[in-house]
Amino acid sequence: MSPHNNHDVIVIGAGASGLTAATTLHAAGHKVVVLEARDRIGGRLLSAPHTSLDLGATWFWDNEDRVASLAAHSGVTVFDQHLAGDTVLQEATGTRRLTGNLIDAPSRRFASGSQSLADALAATLPTGTLRLNTPVTAIHPAGKSGLDVRTDHGTLHAEHVVLALPPALALERIDFTDALPDGLVRLARSTPVWMGTVAKVVAHYPTAFWREQGLAGAAFSRIGPLQEIHDMSGPDAEPAALLGFAHARTVRPGFDQAATDQLAQLFGPAAATPTTLYIQNWSTERWTAPSTVHRLADYSLFGHALYQQPALGGRLHWASTETATEYAGHIEGALAAAERAAHSVQATAADAAPTPAFSC
């Protein structure tokens with residue numbers, strides 16, 4: 001096999017977990033390649049084009065030290081989520097203003113958008129490490145020596161593979177030729193995809209006019225389509241935006257008009273005409289959500305014990321936020337899972353290294 005296709009570690013997925021695992025392993029001296037099915041990096045770290053408005057993961061919270069450390073080390077500026085103001089409640093009988101912000105807790109965001117974290121991680125990897133538009137179609141044991149990873153562009157070989165994508169997606173898209181234990185297959189196929197059934201709606205406005213009314217930009221609704229709304233504005237309210245969460249099943253023709261009509265009911269006529277309305281339906285992202293995504297609801301499977309140990313003879317390592325034992329679903333969880341997978345690769349590689357011979 002060509003040396004170009006022979007690696008110590010292949011990481012599948014260039015989101016937060018995959019890039020973190022790759023940078024950690026590269027720094028430890030391993031020859032690493034990252035295969036990403038999309039034409040971009042970041043995975044669920046996604047900001048709207050040419051803006052800092054997040055369409056995927058958005059916040060991090062107190063005690064999430066890995067994210068804070070990564071941002072500080074990478075020079076990514078963070079700022080506090082806007083909290084001041086009142087909340088709006090929408091019911092079938094109308095809207096009510098409730099005193100104080102009853103939704104948001106103290107948290108932090110990324111001034112240049114969460115995708116800037118992915119960009120910072122990728123910038124530390126050698127040229128040629130990242131291979132975009134390269135979906136993996138199969139992973140097979142290669143005798144006693146590592147794993148073969150098949151793509152549309154050819155087959156690569158590695159001693160270890162890190163799966164940095166939702167387990168259910170991996171099982172749907174990648175052929176493992178019955179090499180995985182039945183229990184692990186059932187678990188992976190049943191594990192929900194974080195954000196997989198969510199649509200995020202971001203309405204960009206010229207100004208954060210709701211703040212002038214003493215509103216926090218926070219709202220929740222019992223009638224929808226947006227069920228929960230937050231102030232999405234950047235530092236000093238620039239850019240100005242509101243973020244709404246909707247169930248992905250409600251995104252159908254006319255959804256955008258229904259969303260802006262609802263925003264106007266909650267925040268006044270100025271909310272009816274955003275400069276731009278972004279709708280990110282994660283259930284239709286083919287490299288995030290499997291076809292079964294709407295049937296996966298047992299979140300107790302996150303961080304399951306089977307994900308904490310490598311499969312396929314200690315060579316296949318799980319590293320998505322769904323596999324984290326802490327902060328699963330958060331960016332912090334993705335970083336924690338990547339850290340665990342990288343340590344597992346290094347420990348397994350060290351155990352497999354030949355013992356040097358000494359002579360006296």
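Which exposed residues does the face of α5 turned away from its buried side carry? That face carries D182, R186 and R189. Here exposed means over 50% relative accessible area, buried means under 20%, and partly exposed lies in between, with a 1.4 Å probe and protein chains only. The structure is a predicted model, in which local features need pLDDT of at least 70 and side-chain atom pairs count only at pLDDT 80 or more, while totals for chains, interfaces and linings use all residues. Residues are numbered from 1 along each chain as its sequence is written, and side-chain values use heavy atoms, with hydrogens and water left out. Helices (H or I, at least four residues) and strands (E, at least two) are DSSP runs, numbered from the N terminus.

- The buried residues of α5 are L184, V185, L187 and A188.
- Seen down the axis of α5, these buried residues fall within an arc of 165°, so they line one face of the helix; the arc is that of the directions from the helix axis to the C-beta atoms.
- An α-helix has 3.6 residues a turn, so residues three or four places apart point the same way.
- The cover over the buried residues of α5 includes α4 and β16 (316-318), where contact means heavy atoms within 4.5 Å.

**Nonpolar cores**

- A nonpolar core is a set of buried Ala, Val, Leu, Ile, Met, Phe, Trp, Tyr and Cys residues joined through side-chain atoms within 4.5 Å.
- The largest such core has 35 residues, of which V11, L19, F110, L117, V162 and I331 touch the most other members.
- At least two residues of this core come from each of β1 (6-12), α1 (16-27), β2 (32-35), α2 (65-74), α3 and α8 (331-352).
- The largest share of the core, 7 residues, is supplied by α8.
- A second, separate core of 29 residues includes I139, L147, A170 and Y307.
- In soluble globular proteins, nonpolar side chains tend to be buried together.

**Contacts of single residues**

- V11 is in contact with G18, A22, V32, V33, V34, L35, V162 and A164, leaving aside its neighbours within four places in sequence.
- S114 lies in the loop between β6 (108-110) and α3 (115-122), and S114 is buried, with a relative accessible area of 0%.
- Not counting residues up to four places away in sequence, S114 touches L45, L46, S47, D54 and A57.
- G75, in the loop between α2 and β3 (78-80), counts as exposed because its relative accessibility is 60%.
- From C-alpha to C-alpha, G75 and A120 are 8.3 Å apart in space, although 45 residues separate them in sequence.

**Backbone features in loops**

- The peptide bond from G224 to P225 is cis, with omega near 10°; P225 lies in the loop between β12 (215-221) and β13 (228-231).
- Another cis peptide bond joins E238 and P239, with omega about -5°, and P239 is found in the loop between β13 and β14 (240-247).
- D178 is a residue other than glycine with a positive phi, near 60°; D178 is found in the loop between α4 (167-173) and α5 (182-190).
- D178 counts as exposed because its relative accessibility is 80%.
- M195 is not a glycine, yet M195 has a positive phi of about 75°, and M195 is found in the loop between α5 and β11 (198-205).
- M195 counts as buried because its relative accessibility is 13%.
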